[in-house]
Amino acid sequence: MAVCWFSLFLCFGFLFGLLECSIGDRDPIYRNCVEQCVEMGNIGTVSIAHCKFPPDGANVNSSWYMQEPLYVQWKHLNCISECRYHCMMQREKEREAQGQSPVKYHGKWPFKRVFVFQEPVSAAFSALNLLMHFIGWLSFFILVHYKLPLRPQSKRTYYEYTGLWHIYGLLSMNAWFWSAIFHTLDFNLTEKFDYSSAVALLGYSVILSTLRVFNVKDEASRVMYAAPILAFVTTHILYLNFYELDYGWNMKVCLVMGFAQLIMWSVWAGITRHPARLKLWTVVFGCALAMLLEIYDFPPYQGYVDAHALWHFSTIPLTYLWWSFIKDDAVYRTSAQIRKLK
Ligand SMILES: [Zn+2]
């Protein structure tokens, strides 16, 4: 459950994150500043080492064997991002002095950097989410494999969803790992890893939710159901990465997958006699509240904490509760199985 919202907003994030034109970067003063900075290699007293190129270096539109070496391209990318950052900070200072409120640049709020961290608070909260998933998954692992009784012959767990939750744990940790990296360093490659992991997690959790809610235990039915969804999600990820990064289409896909899970879990939470249904309700409700943060998008407080960072914070306790529900489910199903066999 927590996952559906989490990934849903990663998808939203991409949409807003990459609308290249924001109010801030349409400002001619800012544009001039970046242009001059790239050319001269400095802004006022700040000198930008990445912008110092050797003379007659650039040959942009020639064939592949005439192109700049990779390190020069890398230097050029760094030069642009450094110039954008310093010009943005300078422009924001001027705007603040005139009593104007912050605006977005290239789809993002003006964040203050800390060392290499572009959005230090969101990155730190993503790392904490990763940690929560690790702790949750580890305690689940210990519970099902060591604390609860195992089937006498096969030594396998009584709980029918053990393997499925293990994969879920790994995919979640992977997604939060890339989220932390993406908030640290935002460029093309980290962004691709970030949304690919989020879409993979979202697609997988559609399968998992359906199997759990409808209590599908038969191996053949599980495969029959999962195969087309897996095929679709894989194709979707390949399409985004290697064919066309269509943000609008990606958001539609994410919305459908996210709401499908949300509806399934909330209807099930309403009718089930499950002993941990209160936890499920809290997660559903908590996610809905957290969603408001993502809709109500405000500029970063003191240049650090914005709505997105708070949203990443709010999923930390929800993740704890979610794994707690999963563990309760394992205990509940195991005892039901044993009772049935007696
Ligand atoms: Zn994020």
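Tutor: A residue is buried if 20 or more other C-beta atoms lie within 10 Å of its own, exposed if 12 or fewer, and partly exposed in between, with C-beta atoms placed from the backbone. This is a predicted model, so local features need pLDDT of at least 70 and side-chain atom pairs count only at pLDDT 80 or more, while totals for chains, interfaces and linings use all residues. Residues are numbered from 1 along each chain as its sequence is written.

Student: Which residues of α3 are buried?

Tutor: Tyr-30, Cys-33, Val-34 and Cys-37 are the buried residues of α3. They sit on the same side of the helix, because they cover an arc of only 95° around the axis. The arc is taken from the directions from the helix axis to the C-beta atoms.

Student: And what's on the face turned away from that buried side?

Tutor: There α3 carries the exposed residues Pro-28, Asn-32, Glu-35 and Glu-39.

Student: What do the buried residues of α3 pack against?

Tutor: They pack against α2, β1 and α4.

Student: How far does α3 reach from its first C-alpha to its last?

Tutor: It reaches 18 Å with 13 residues, close to the 18 Å expected at 1.5 Å a residue. The expected span is 1.5 Å times one less than the number of residues. Just after α3, Gly-41 takes a positive phi of about 80°.

Student: Back up. How many helices and strands are in the chain?

Tutor: Eleven helices and two strands. Both are DSSP runs numbered from the N terminus: helices are H or I with at least four residues, strands are E with at least two. The pattern along the sequence is α-α-α-β-β-α-α-α-α-α-α-α-α. The chain has 342 residues, and 32% of them count as buried.

Student: What about α4? Why does its span agree with its residues?

Tutor: Helix α4 covers residues 70–97, and its 28 residues should span 40 Å at 1.5 Å a residue; the end C-alpha atoms are 41 Å apart, so the two agree. Its buried residues are Cys-83, Tyr-85, Cys-87, Met-88, Arg-91 and Glu-92. What covers them includes α2 (23–26), α3 (28–40) and β1 (42–43).

Student: What is Ile-326 in contact with, leaving aside its neighbours within four places in sequence?

Tutor: Phe-140 and Trp-165. In contact means C-beta atoms, placed from the backbone, within 7 Å.

Student: New topic. Where does UniProt place "transmembrane region"?

Tutor: The unreviewed UniProt entry puts that feature at residues 123–146, 158–181, 193–211, 223–243, 249–271, 278–296 and 308–326. UniProt positions follow the numbering used here, feature names are shortened, and annotations may be inferred rather than shown by experiment. In the model, residues 123–146 are 100% helix and 0% strand, with end C-alpha atoms 34 Å apart. Residues 193–211 are also 100% helix and 0% strand, and their end C-alpha atoms lie 27 Å apart.

Student: Last one. Where is confidence lowest and highest?

Tutor: Helix α1 (residues 2–17) is lowest, at a mean of 48, and α5 is highest, at 95. Over residues 1–7 the pLDDT is below 50, yet this stretch has 30 contacts in the model beyond near neighbours in sequence. Here pLDDT is the predictor's confidence in each residue, from 0 to 100. The chain averages 84, and 89% of the residues score at least 70. Where pLDDT is low, the predicted coordinates should not be read in detail.

Conventions. Contact = placed C-beta atoms within 7 Å.
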